[in-house]
Amino acid sequence: MFEDDYLLRLIKEMVRTVLKLLFHIDFKEEDPVSVVFESEDAEKTLYSLIHLADQGFINNAENQLYDFTQNPENMESLKTALLFYSHLNQLDNDFLEDHNYSREEIVSGVKDVLNRYHLDSMSALF
């Protein structure tokens, strides 16, 4: 229980920090998905991935996200990834467990996407 709470807060702050540093986005509300996108494609992709995850297809959504984030020059796709993992972090433990996913995988996903965008130093902070 304590470990899950710690991971929940860690993920929230990881995403919040990176969004603030890279995109100058400071969300205070519980749902950071309301962030403005410069790319309509990135926004549509985010909502599509969230819909898949909410239906229980978290791993499928993450696979699609991986494909979407293959170009480290496209910072909108990084924003999409961070917001996707933030959304996953808001799901309860039972839902994640029922769909073979964990908070540790969220942390791993955030670190992986940061590394893909050559932000290894930010990833290492967490």
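**From surface to core**

Tutor: Let us begin with the surface of this predicted model. The accessible surface of the chain amounts to about 7,000 Å², and carbon and sulfur atoms account for 50% of that area.

Student: Which elements does the chain contain, and how many of them are helices and strands?

Tutor: From the N terminus on, the order of elements reads α-α-α-α-α-α-α. The count is therefore seven helices and zero strands.

Student: What radius of gyration does the chain have, and why does it agree with a compact globule?

Tutor: Along the principal axes, the C-alpha atoms fill a box of roughly 35 × 30 × 25 Å. A compact globule with 126 residues would have a radius of gyration near 14 Å, so the value for the chain agrees with this expectation. That value is 13 Å.

Student: Which residues have the most contacts inside the largest nonpolar core?

Tutor: In soluble globular proteins, nonpolar side chains tend to be buried together. Here the largest nonpolar core has 38 residues. Helix 1, helix 2, helix 3, helix 4 and helix 6 each supply at least two residues of this core. Those with the most contacts inside the core are Leu 78, Leu 82, Phe 84, Tyr 85 and Leu 88.

Student: Leaving aside neighbours within four places in sequence, which residues are in contact with Phe 84?

Tutor: Contact here requires heavy atoms within 4.5 Å. Once neighbours within four places in sequence are left aside, the partners of Phe 84 are Leu 46, Leu 49, Ile 50, Ala 53, Ala 61, Glu 62 and Leu 65.

Student: Is Ser 77 buried or exposed?

Tutor: Ser 77 lies in helix 4. Not counting residues up to four places away in sequence, Ser 77 touches Phe 68, Thr 69, Asn 71 and Tyr 117. Its relative accessible area is 0%, and the limit for burial is under 20%, so Ser 77 is buried.

Student: Does Lys 20 count as buried, partly exposed or exposed, and why?

Tutor: Lys 20 is part of helix 1. Beyond residues up to four places away in sequence, Lys 20 touches Ile 25 and Asp 26. Its relative accessibility is 42%, which falls between the limits of 20% and 50%, and therefore Lys 20 counts as partly exposed.

Student: How many Å apart in space are Lys 20 and Met 122?

Tutor: In sequence, Lys 20 and Met 122 are 102 residues apart. In space, from C-alpha to C-alpha, the separation of Lys 20 and Met 122 is 12 Å.

Technical notes. Residues are numbered from 1 along each chain as its sequence is written. This is a predicted model: local features need pLDDT of at least 70, side-chain atom pairs count only at pLDDT 80 or more; totals for chains, interfaces and linings use all residues. Side-chain values use heavy atoms; hydrogens and water are left out. A nonpolar core is a set of buried Ala, Val, Leu, Ile, Met, Phe, Trp, Tyr and Cys residues joined through side-chain atoms within 4.5 Å. Buried means under 20% relative accessible area, exposed over 50%, partly exposed in between (1.4 Å probe, protein chains only). Helices (H or I, at least four residues) and strands (E, at least two) are DSSP runs, numbered from the N terminus. The radius of gyration is taken over C-alpha atoms; the globule rule is 2.2 Å times the number of residues to the power 0.38. Accessible areas come from the Shrake-Rupley method with a 1.4 Å probe; for residues, only the protein chains shown count as cover.
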